[in-house]
Amino acid sequence: MAVNQLSAAPAPQSVPLPTLDHPMANPGYGKRSAPGQRPRSGNDFVHLRPRDAAIAAYIDGLCDGADISVKTLAKALPYGQCALRTTLNRLQEAGHLRRGSECVATDEALIWVTRTFFSRTSRDDDWWDAFTRGDAPQERAPQRPTRSRSFILLAALGRHTPTLTLSQADCAALEPQVSEWFELGATEAEILHALTEGLPARVHHAAALVRRRLRDKLPPARMTPPAARQIVLRTLECSECRAPGSAEAMPGGLCGNCRGKPDAAASNGPVGAVPVQGVRARMSAVRAGLVPRADRAYP
């Protein structure tokens, strides 16, 4: 009888879809989508627990700048703050979320703002470490094979100059030669000019003429200056104690102290250095030992 009277565990409540009236964070704060994510699919969060997957899908549907703090999410979702905090920590462990800071340039100064980076695609610690440096690899969705830039130019040549109309086989045969022009820095306009300028009155074999001009008029390689590398000022922070650090020093988003492994970097500081966690306590002790101005003795 006692077994029959036991009630089943309540099923997880369904999570509503994101709405346009979800609160936004203060300017410069809130959710920030990580770059290079794969397109959305129904299998994005199948590796997570049901509740975590539902909350991750809700956050994924929010626009950048949305307030995804625990308090705000608790008002929009049927879960309490403790449950949401646990889920956010699990999303961080799974590589979907990182908390940190980013330097933003304004007209007057450089300011550091708090960021919560979210990635629909699960990332490992190496990717997040590269992301903080500004050189995270971009993932591209597989695309259907398409005609190359060179083939398209050759196929459209007949519309520009009817006497140079080429067949599909001719375009495929001449494609490598046009690609060589592009690799040397030539533009479509320059290639068209080389192929169509000063044509004879009659063209007996369009493919042979195009092949000869592509070979005889091949330009020299152009020297292009290397692209300037973009400098990114970005750092991550521990989800527990908020201590800043690199992704390499915080696997899973937790620093060594919060994982129970003291940071080696903290012990390598100068003699007498105050740990990050003890700065406030040390300052309070210093203030408490100061003599009030009224009680100071002056010569």
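What is the volume of the largest cavity? The largest cavity has a volume of about 30 Å³. This is a predicted model, in which local features need pLDDT of at least 70, side-chain atom pairs count only at pLDDT 80 or more, and totals for chains, interfaces and linings use all residues. Residues are numbered from 1 along each chain as its sequence is written, and side-chain values use heavy atoms, without hydrogens and water.

**View A. Lining of the largest cavity.** On a 1 Å grid over the protein atoms alone, a cavity is a set of points where a 1.4 Å probe fits but cannot get out, and lining residues have an atom within 4 Å of a point. The lining consists of Gln92, Arg98, Arg99, Leu236, Glu237, Met250 and Gly253. Strands β2 and β4 (234-237) each supply at least two of its residues.

**View B. The largest pocket.** A pocket is an open set of points with protein on both sides within 12 Å along at least five of seven lines. The volume of the largest pocket is about 440 Å³. Of its 20 lining residues, Ser69, Val70, Arg99, Thr116 and Arg242 lie nearest the centre. Elements giving two or more residues to this lining are α2 (70-76), α3, β2 (97-105) and β3 (110-118).

**View C. Packing of helix α1 (residues 50-61) and helix α3 (residues 81-93).** The helices pack at an angle of about 80 degrees, with axes 10 Å apart. Helix α1 is therefore roughly perpendicular to α3 (65 to 115 degrees). Arg51, Asp52, Ile55, Ala56 and Ile59 in α1 meet α3 residues including Ala83, Leu84 and Arg90 (contact: heavy atoms within 4.5 Å).

Methods:
Axes fitted to C-alpha atoms, helices over the stretch in contact; angles between N-to-C directions. Helix = DSSP H or I, 4+ residues; strand = E, 2+ residues; numbered from the N terminus. Parallel < 35°, antiparallel > 145°, perpendicular 65-115°, else oblique. Points joined across faces, edges and corners; volume = space filled by probe spheres on them.
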